Amino acid sequence: NDGIDFIEEMLPSLDNYVSYGTDVVASSSDLQARLFDIIETVMKSDRVGEADRVCACKLAEAVMLHGRGKVDGMIPGFISLAAAYLLVDDAIQTSSFLVYSLEVILNALHYNPVITLNVLEQYKWTEGIFTSLLQNSGKFTRVHDKKLYILGLTAVLSVPAEQLPGNMLGGMGQLFQGIIHTFRTYGTAVEARNSVEKLYDGEDDLDDDYDNLDGEFDWDENEEDDSGAFENGDENDDADDHENEFLKQLAGKASKALGSDGDDDDGSFGSDDDYDDGLEEEFSLETPLDNINAYIFFQEKFAEIQNANQD
């Protein structure tokens, strides 16, 4: 309790401990309990503000991203701490704390969607949490936020139907549309981040995700598509053309696989009008997500979903 007033100052050291000592943390239930106690104390204490609780969410994210598959016992507690704010009216006062609280849920989904869905269903939080995720999608403005949003929702789509809560089956189309909605602004976020980075380091390289749009996609060539741009890898197309084509084909696949009309512009999702007021990019932030190309990741996962449905 005495140290929670300095959580912001302690966060870099705690993050490094988790990042570089993952195996030690994973092998020690005592260390896991101590880390959880720090996060829980900050989240529940009335001595700290939302900026401090954001730090607690960041530490929880570090544990889940670096300890993926190794700290299952901590996941239900993290979900409960975030849900305590997300599901109570007016419990959250700032956009930043809302985003980071939702990202605790997204990290849990990315960590293990089955564990996460079981916890949400056990406490009847499923509908409220996913409604909040969809309605606040426009608040995920940074590259990391959008990538995590895509990966978290994709994890849910990849869960076999027999392991999904019954009330989730009818909402899979909405989750798919949420992914499309986020992809529409993902490239713009990458470009914005790269532009600012150039001011600091003078490098001209695009982010791997955005750069790899060109010719990386290979939908089943036997299926009918509105355009063959991805299959042909047309060198005259720029990244925007490839991104638009990707989204167009993505929407078409949705209608076939999930019974969705592929239209994400139905008012169900948060607006990106507040982009300029969103969280600032953290250029020093390094996470395991940096090694994941969001476009290729989703293409591969969706191919698995299609194959499973065919079986």
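Eleven aromatic pairs occur in the structure, a pair being rings of Phe, Tyr and Trp (its six-membered ring) with centres within 6.5 Å. Planes under 30 degrees apart count as stacked, over 60 as edge-to-face and the rest as tilted. The pair F36 and F78 is tilted, because the ring centres are 5.7 Å apart and the planes stand at 35°. F36 belongs to helix 3 (residues 29-44) and F78 to helix 5 (residues 75-86), so the pair ties together parts 42 residues apart in sequence. F36 is buried at 19% relative accessibility. F78 is buried at 2%. Here buried means under 20% relative accessible area, exposed over 50%, and partly exposed in between (1.4 Å probe, protein chains only). F140 and Y149 form a tilted pair, with 5.0 Å from centre to centre and 55° between the planes. Both F140 and Y149 are buried. Ring pairs also join F176, F183, Y186, Y295, F298 and F302 into a cluster.

The model is predicted; local features need pLDDT of at least 70, side-chain atom pairs count only at pLDDT 80 or more, and totals for chains, interfaces and linings use all residues. Residues are numbered from 1 along each chain as its sequence is written, and side-chain values use heavy atoms, with hydrogens and water left out.

The protein chain has 14 helices and zero strands. Both are DSSP runs numbered from the N terminus (helices H or I, at least four residues; strands E, at least two). Of the 311 residues in the chain, 50% are buried. Contacts (heavy atoms within 4.5 Å) with a separation of 6 or more come to 75% from residues 24 or more positions apart.

The largest nonpolar core holds 81 residues, of which F78, F130, V156 and L175 touch the most other members. Such a core is a set of buried Ala, Val, Leu, Ile, Met, Phe, Trp, Tyr and Cys residues joined through side-chain atoms within 4.5 Å. Helix 6 (residues 95-111) gives the most to this core, with eleven residues. Beyond neighbours within four places in sequence, V156 contacts L109, P113, L117, F130, L164, M168, M172 and L175.

I92 sits in the loop between helix 5 and helix 6. I92 is buried, at 18% relative accessibility. The C-alpha atoms of I92 and E50 are 8.1 Å apart, although 42 residues separate the two along the chain. Residues up to four places away aside, I92 touches E50, Y85, L86, F97, L98 and S101.

Eight salt bridges are found in the whole structure, each a side-chain nitrogen of Lys or Arg within 4 Å of a carboxyl oxygen of Asp or Glu. R47 bridges to D5, with the closest N and O atoms 2.7 Å apart. R47 lies in the loop between helix 3 and helix 4 (50-66) and D5 in the segment before helix 1 (7-20), so the bridge ties together parts 42 residues apart in sequence. R47 is partly exposed at 43% relative accessibility. D5 is partly exposed at 38%.

A salt bridge also joins E40 and K44, with closest N and O atoms 3.1 Å apart. E40 and K44 are four residues apart in helix 3, so about one helical turn separates them. E40 is partly exposed at 24%, whereas K44 is exposed at 58%. R142 and D145 form a salt bridge at 2.8 Å between the closest N and O atoms. R142 and D145 are both buried. A network of salt bridges links K58, R142, D145 and E282.
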